[in-house]
Amino acid sequence: MYRRFLLMTALATLAVGGQAKVRLPHIICDNMVIQQQTDARLWGWAKAGREVCVTTSWNRQTVKAKADSNGKWLVKVSTPVASYTPYSITFDDGDGAVTVSNVLAGEVWVCAGQSNMEMPVRGFGQCPVENFNQFVIEAQNPHAVRSVKIPSIMRMTPQEDADCSWKVQSPQNVLDFSATGYFFARLVNKALGVPVGLIEANKGGSRVESWLTKENLERYTNEPTDTMGIVNFKKEWDYHRALVWGNGTFNPILNYTVKGILFYQGCSNVGDPANQYSERLKLLVEQWRSQFGLGEIPFYFVQIAPFRYDDDNPAISGALLREQQFRASQIIPNSGLVCTNDCVYPYESTQIHPTQKQKVGERLAFLALNRTYGMSSVICQSPSYKEMTVKNDTVFLHFNDEFGGLSRFEDIEGFEVAGADRVFHKAKAQHYWIPGGGLWDEALIVVSPEVKQPVAVRYCFRNFQLGNLGNMGGLPLFPFRTDDW
């Protein structure tokens, strides 16, 4: 009995000591990337009232914070200019120091969304990533790109920590990096010559509502937020649940200092009422920006790719969601949208995870390089519909963001026209140089022999329809319609 008492006393002493020693969230660990040239937040837990000293190797400075009544503490440290020089950070609460090593200063971006953002370089079952071997072989520089994957966990209440660790780029580790995120980071690293860190906080199948807080859901939606409402979901559709993925997967990263957010999501919201998705996405961006507390950070997102949804005969539910995403890009400040109409092969009409992830990631990088990093010569915006006029049986179309002209020159595909009967017919499109105009003053004319008096035009406005028209930067024309039928 006495020996048992001594053992219990020793264990209790160890437990108290363990609670007193400074503890860090998992995301603050070896190999991490911190946002360069800013006041980066570092945080953790210690015994209530204990002073925590944080010392950074790049400037040998120490900042201090006192743990509150719940043991929480947070400091801000001035970070150096980005480089491949490894640093360390030491945390000491007087009961034993903890040191985080091989820390790089660079650019940190969040990779959020559903499965097309989650899809790793190794691909999913039956869903490969194009040119896989090439990218694995080239992933040799451990300082170029690093990534941390936040586990996809459902929780009813916001979580403060997640079991995760930073991984350096290598032929072995890159297999599990988000493919879209990795191709974004790879190009940004090449263009800027600085380390890029990716925080992967996403969940396959999740809806935009999956990431909203309880307060926003209750104020702006009819989504269930109580335990009973959550339990009533069918098990096979758990990934559609509102609230719980944000609580479990996104909340643990909100103290981290980041540059911006990349977002690839929308398939699970196909079928939403008009404008609902765009308004809720705007709400989500406002929420995340408020939670990060870093101002109006960039939000760059991806339009869902062509896919033959179950109701495609010839339904336009996917096209309507893309339309809402385009609208969202117009109403969300400091945002940008990537068009993916040409990122799917004809044989992928029922493949929800298209193989061409390099194009997607690099187009996100074009947005960041141009708008965030000041490389104004990089063309980052796809052309979009501007206006139309009709003369007899011919429609004249004008577009935004051509950057000197439209390309493809001949055999343009994807256009349809309709008359007053609202029946759309395949149309022929060709370039038309406006008489008396400048060298590049042109329109696109669209005609169909079946429509003598056209009143509306659509371009790739179907669930699965591939076009081939783009601008001088090789970026595809956004699908559009001129009607509201």
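A crossing is right-handed if the near helix is turned clockwise from the far one by less than a right angle. I took this as the starting point for a look at a predicted model.

**Entry 1: helix pair.** I looked up how α8 (residues 276-292) and α9 (residues 317-331) pack: their axes come within 8 Å and cross at roughly 40°. That angle makes α8 oblique to α9. I noted the crossing of the two helices as right-handed. On the α8 side I listed Q276, Y277, S278, E279, L281 and K282, and on the α9 side L321, Q324, Q325, R327, A328 and I331. Sorted by class, this contact of α8 with α9 holds 5 nonpolar, 4 polar and 3 charged residues.

**Entry 2: salt bridges.** I counted 18 salt bridges. One of them joins D161 to R23, with the closest N and O atoms 3.9 Å apart. D161 sits in the loop between β8 and β9 and R23 in the loop between α1 and β1, so the pair ties together parts 138 residues apart in sequence. I recorded D161 as partly exposed at 23% relative accessibility, and R23 as partly exposed at 43%.

**Entry 3: E118 and K149.** I found a salt bridge between these side chains at 4.0 Å, N to O. E118 belongs to helix α2 and K149 to strand β8, so parts 31 residues apart in sequence are tied together.

**Entry 4: D342 and R363.** I read 2.8 Å, N to O, for this salt bridge. D342 lies in the loop between β13 and α10, and R363 in helix α10. I noted D342 as partly exposed, at 23%, whereas R363 is buried, at 8%. I also traced one network, in which salt bridges with shared partners join R207, E209, E223 and R280.

Key:
Residues numbered from 1 in each chain as written. Predicted model: local features only at pLDDT ≥ 70, side-chain atom pairs only at ≥ 80, totals over all residues. Heavy atoms only, no water. Axes fitted to C-alpha atoms, helices over the stretch in contact; angles between N-to-C directions. Helix = DSSP H or I, 4+ residues; strand = E, 2+ residues; numbered from the N terminus. Parallel < 35°, antiparallel > 145°, perpendicular 65-115°, else oblique. Contact = heavy atoms within 4.5 Å. Nonpolar A, V, L, I, M, F, W, Y, C, P; charged D, E, K, R; others polar. Buried < 20%, exposed > 50% of the residue type's maximum accessible area, 1.4 Å probe, protein only.
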